[in-house]
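Subject: Structure handed over, with findings

Dear colleague,

Please find below the sequence and the structure for your review. My notes on what was found in it follow directly after.

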Amino acid sequence: MNSTALTVLLIIYLSGLIVIGVNDIRKAKDFEGFAVAGKKQTSFVVIFSLLATIIGASTTMGITTTVYNIGFPGIWWLLFGAIGLFLQSLLISDKFRSLNADTLPHAARIMLGRPAEMIIALIIVISWIGVIAGQLVAMNGVISFITGKSSKTVFIIVAVAVILYTTIGGQMSVVKTDVIQFFIIVFGMIACFVYLYFFADGDTAAVGKSVELLNDNYKPINLLTQFFIIGGVYFLGPDIMSRNLISKDSRTAKRSAFAGGAALICYAVIIVFIGLWVKCNITPDELGDMNALMYLIKHKIPTPVGVVLSLGLVSAILSSTDTCVINASTIFVKDILRKDRVIFIRAAIVVIGTLALIFALAGNGDIITFLSNAYSVYTPGVIFPLLIAILAYKKRRVRVPMWVAAVICGGAFGFVGAYFPEFVADLHLPKFINDNMSLVGMMLSLVLSLLSLAKQDSIASSNNK
């Protein structure tokens, strides 16, 4: 495959995204237009923007690597994501959209007051710098593959382009580019799948025999942990809920979450069976240290399919990265600084994007490690407390100090377990606790959140603002 031609296509592609950003400057002058795309997006836009946000580096290159290592159970990451979206649609989508909040922490302030907003905002902004860095690490790998050489200069230029079009056009540009990027991603993946299973020389019978929901590499405890940790992010994560906030009304938000879950199951089947084909037909020595999808592009699929899949991988990373950057920046400005000026959000995008880029250039690890560590802090600390707050809003009074304690305790357990495993091992705790600090933290935050509910019914808490 001609690396020069791919590089030219990449430049044209990124230039087009920047043009979209420039074109949206007039539409994103006020805070609502810039941060939440005017809160007037239709189901068509919300569904595809949601899916583009979900289908990033972790759900393309990360999933195929996971499937190659542990087999078909790698599908659970996406299946739990779909379940999270279904539960969101059934339980909280309409309630959350009716709050008319601008961010997830802003919703916490509406329900519980400033302390709740601040603690949620701090957790998201700090954790999501790691999430963005993980996406950029994956982008570096793809850029090196496309250009045929590892170049920090080229990587920085591409990262700056992402930050630039996000800074210029805001959420409006992100939503528009998401739709374009989604169709490129899906077309590339379907083309690859069809070629492998209908035209390529390979042992497809072995693929069918390797379908199993659990195995020695993926046991029931992994099932339980991923259900809560990964499913929780899809159920009530800041990037997922940001698509709720751009919806024109509660019905659109509810319908989009459910349709997104159904589409995610279809995508899960395609990407996992691509990974299984590689596992059954490519030896570890042949694969080496290459990602499964990159190996296919270089050695197995025709050039036209490879070009589309290459652009699809770039699109997957860009569509997740820009959403993470603008959401973290909006939360920093809106909920930590308590400002609602577009210029501050633009400045925050540059700062947060640059910090993530520095971590990506200096850090080690793959996309799954980056995201799992970030989710291991966010999910235990935030998911259950926010769920309890949403369900109790205007029905039960919440003791805010106890509620904040639930967030802090859950997040602390997840943080220690993710970033200081050796310290945890030295404590000589029971094996279950030692191996599942995030899960223990999540259960603790659930118990404390329930204890924060006052016994008497109340129409509204005095803390509501």
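Lysine 39 is buried, with a relative accessible area of 8%; here buried means under 20% relative accessible area, exposed means over 50%, and partly exposed lies in between, computed with a 1.4 Å probe and protein chains only. This lysine sits in the loop between α2 (31-36) and α3 (43-54). Although lysine 39 is not a glycine, its phi is positive, near 55°.

Histidine 428 also has a positive phi, about 55°, without being a glycine. It belongs to the loop between α20 (421-426) and α21 (431-435). With 69% relative accessibility, histidine 428 counts as exposed.

Some remarks on the source are needed here. This is a predicted model, in which local features need pLDDT of at least 70 and side-chain atom pairs count only at pLDDT 80 or more, while totals for chains, interfaces and linings use all residues. Residues are numbered from 1 along each chain as its sequence is written, and side-chain values use heavy atoms, with hydrogens and water left out.

Regarding the overall fold, the protein chain contains 22 helices and 2 strands (DSSP runs numbered from the N terminus: helices are H or I with at least four residues, strands are E with at least two). Its C-alpha trace spans about 70 × 55 × 40 Å along the principal axes. For 465 residues, a compact globule would have a radius of gyration near 23 Å, and the 22 Å of the protein chain agrees with this; the radius is taken over C-alpha atoms, and the globule rule is 2.2 Å times the number of residues to the power 0.38. Of the 465 residues, 59% count as buried. Contacts (heavy atoms within 4.5 Å) with a separation of 6 or more come, for 86%, from residues 24 or more positions apart.

Yours sincerely
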